[in-house]
2 protein chains.
Amino acid sequence: MSNNTDTVPESYPMNSGDGTNSYTENSYFQKAATNVVKAKIDDVIAEKLDVKKNSSTSESTFRLADLGCSVGPNTFLTMHSHTMQNIIDVVQHKYQSQGLASHMPEFQVFFNDHASNDFNTLFASLPQRRSYFATRVPGSFHDRLFPESSLHFVHSSYALQWLSKLLEELLNKNSAAWNKGRVHYASAPDEVAQAYTDQFAKDITTFLDCRAKELVVGGLMVLIMPGIPNGIHRSSAPTGMIFDFLGLCLIDMAKEGLISEAQVNTFNLPVYVASPKEMTQLVETNGCFNIERMETTQPRARVDGISGQALTKHLRAGMEGIISKHFGTKIIDELFDRFSKKQQESFNLLESKYNVGTQLFMVLKRI
Amino acid sequence: MSNNTDTVPESYPMNSGDGTNSYTENSYFQKAATNVVKAKIDDVIAEKLDVKKNSSTSESTFRLADLGCSVGPNTFLTMHSHTMQNIIDVVQHKYQSQGLASHMPEFQVFFNDHASNDFNTLFASLPQRRSYFATRVPGSFHDRLFPESSLHFVHSSYALQWLSKLLEELLNKNSAAWNKGRVHYASAPDEVAQAYTDQFAKDITTFLDCRAKELVVGGLMVLIMPGIPNGIHRSSAPTGMIFDFLGLCLIDMAKEGLISEAQVNTFNLPVYVASPKEMTQLVETNGCFNIERMETTQPRARVDGISGQALTKHLRAGMEGIISKHFGTKIIDELFDRFSKKQQESFNLLESKYNVGTQLFMVLKRI
């Protein structure tokens, strides 16, 4: 059984973590973030998971799903498998501590991501000694992926912020939501933000509908994504500022003729940063889940630990794919060099914002 | 729901089926073979599957596994997904015809193969409209792959003939089982054949032990592999002759200096052709399954339909990987050109053997 604490990759938006000179630093952030989330998940299982109910049914398998688990580089995948192992360790411990060791189920983990993603890497990197049966489920979590009432635990970390599609109003010159000269809604007019909000609401509604069918009654769902505290304006959260910096870099590059202005105007990052309040509303509208936890937290253990280099690497790892697809791969190095400089210029401002919780952590129980 | 009858790839050892001039012919063989096996599987489900029992439990998912499904080219993968869809169609029909439509389960299919195999292709080629949830399970079927009592139906076609490892006695100059100057046991001394038989017995024993744990009581397992009728000598079956031809070609090439004699002596095809009698014995020793069907059949609808070109293509598709790994890729074209000529020279002899059943079809029920 793994006691590895290097489990959940929580630093936003995504880590690269390969063997460069900043690896140790990245790794520090990850471990610190990981321990925070790991402790939360441990608590949730201890308090909220009803293993007595599970052990009284004829069902001898405990099924867990990790949704959207390969949006990122390889080390990210490895950490996802560690996360799932950790969850299983805690569930097993609960069976034992409640005298139900003889009813211990076997564990099956479904790693989900888009069919087009390369999953061979994940399976090649799964630890040989693991206490679960591993499976891959290709497909979008905005659709049904599993049979009815077949899952006991769902985990999704830093995947739900990705919108399922781009928002057409944002590209329409005649719309009040035309997002000219920006690539995100953080500092955009309310109409733009509303277009994002509407799409996010649609996505989450579908997501909850599907998961409500797939989870057994009593099943738990842990969702982790970028978040913004209630009552904070979207432009004041660090995540918003970071996307703004990226947009400003692209606009500068357009002014210098490295890319066209039209390219910038037709590009929008399909990423949403939700507040506890709006997530609560969406969950309550769905009606199939009880909210066991809903909070924004600070994923980093020390706010003074943020470094420009690590931040740039993280952002690049998460965003390179979608930016390359629109602008081509040639501009990537230049863009992130500029981003790195820009956020260094505003380092003090950015750091001062980091006492705001940037991670939304929620636990839902299927009722 | 698919009514496609182009489902099970039964022609031995494996099909290539891409758009060459012999495609139609290959396709004819496949369809003919397919219809034979499809009808058998349909019968088995109709007669042997107890859907009433399934529908009386709280379990709402019917889980199927296709074991070892990617040993072959891409079209092979597509056909595997069709096979599983066909099985589901028949199971669904049975629920309906027995008035159990309201208890219809949802279906989940686990496609299994080695972790190192590329499964991205399979999932990219899965039909959009399918009536099951698709999953990939990486790993060897000589080990546990699924939780206890979690499968209702297991299918494995042309995978179990591959031995899990090579047999060391065959390479030992001091052993009576040293397989000098041959690459298979078909026309080898009994000691060589026994070494193959022993390894096959070990593999099947492990396979049955694992599947006995994974299948629910009443669950069915359909296994299809190359076979040899009881009482026929191993050297007289067409499969044996084909491997002998391949060995003779390699020896000729060694004599001409294209490869070394030592290379031939250290190469053995890890493929076994089992009889109903020995499979029966292995299943009875395991003790967890009732034998519902155990027969050798003729996978081709017309024995006169065999053509050298198609046979060579099929053999190459199945064997190219393992031969290249040992001898390098350079010799492959030459080897199969020679094979094609050799089997044309012996065409009448080979064809005369094809009234012998070359396919072992068995259905086991977990008791």
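**Close-up views of a predicted two-chain model**

**View 1. Helix α5 of chain A, end to end.** α5(A) has 25 residues and reaches 35 Å from its first C-alpha to its last, close to the 36 Å expected at 1.5 Å a residue. The expected span is 1.5 Å times one less than the number of residues in the helix. Helices (H or I, at least four residues) and strands (E, at least two) are DSSP runs, numbered from the N terminus. This is a predicted model: local features need pLDDT of at least 70, side-chain atom pairs count only at pLDDT 80 or more, and totals for chains, interfaces and linings use all residues. Residues are numbered from 1 along each chain as its sequence is written, while chains are lettered from A and ligands numbered from 1 in the order in which they are written.

**View 2. The buried residues of α5(A).** Buried residues of this helix include Val192(A), Tyr196(A), Phe200(A), Phe207(A) and Arg211(A). A residue is buried if 20 or more other C-beta atoms, placed from the backbone, lie within 10 Å of its own; with 12 or fewer it is exposed, and in between partly exposed. The cover over the buried residues of α5(A) includes β4 (151-157), β5 (215-226), α8 and β6 (289-297) of chain A. In chain A as a whole, 47% of the 367 residues count as buried. Its secondary structure comes to 11 helices and 7 strands.

**View 3. Helix α5 against helix α8 in chain A.** The axes of α5 (residues 190-214) and α8 (residues 276-286) of chain A come within 10 Å and cross at roughly 45°. That makes α5(A) oblique to α8(A). Angles under 35 degrees count as roughly parallel, over 145 as roughly antiparallel, 65 to 115 as roughly perpendicular and the rest as oblique. Axes are lines fitted to C-alpha atoms, for helices over the stretch in contact, with angles from 0 to 180 degrees between N-to-C directions. From α5(A), the contact residues include Ile204(A) and Leu208(A); from α8(A), they are Leu282(A), Val283(A) and Asn286(A). Two residues are in contact if their C-beta atoms, placed from the backbone, lie within 7 Å. By class, this contact has 6 nonpolar, 2 polar and 1 charged residues. Ala, Val, Leu, Ile, Met, Phe, Trp, Tyr, Cys and Pro count as nonpolar, Asp, Glu, Lys and Arg as charged, and the others, Gly among them, as polar.

**View 4. Helix α6 against helix α10 in chain A.** α6 (residues 238-255) and α10 (residues 332-345) of chain A pack at an angle of about 125°, their axes 9 Å apart. α6(A) is therefore oblique to α10(A). Among the contact residues are Phe245(A) and Cys249(A) of α6(A), with Leu335(A) and Phe339(A) of α10(A). The contact divides into 8 nonpolar, 1 polar and 4 charged residues.

**View 5. Phe133(A) and its contacts.** Phe133(A) sits in strand β3 (residues 133-138) of chain A. It is buried, with 21 other C-beta atoms within 10 Å. Beyond four places in sequence, its contacts are Glu106(A), Phe107(A) and Gln108(A), plus Leu145(B), Phe146(B) and Pro147(B). Phe107(A) lies 26 residues away along the chain, yet the two C-alpha atoms are separated by 6.2 Å.

**View 6. Helix α6 of chain B.** α6(B) has 18 residues and reaches 26 Å from first C-alpha to last. Its buried residues include Ile242(B), Phe243(B) and Leu246(B). Just after the helix, Gly257(B) takes a positive phi of about 80°.
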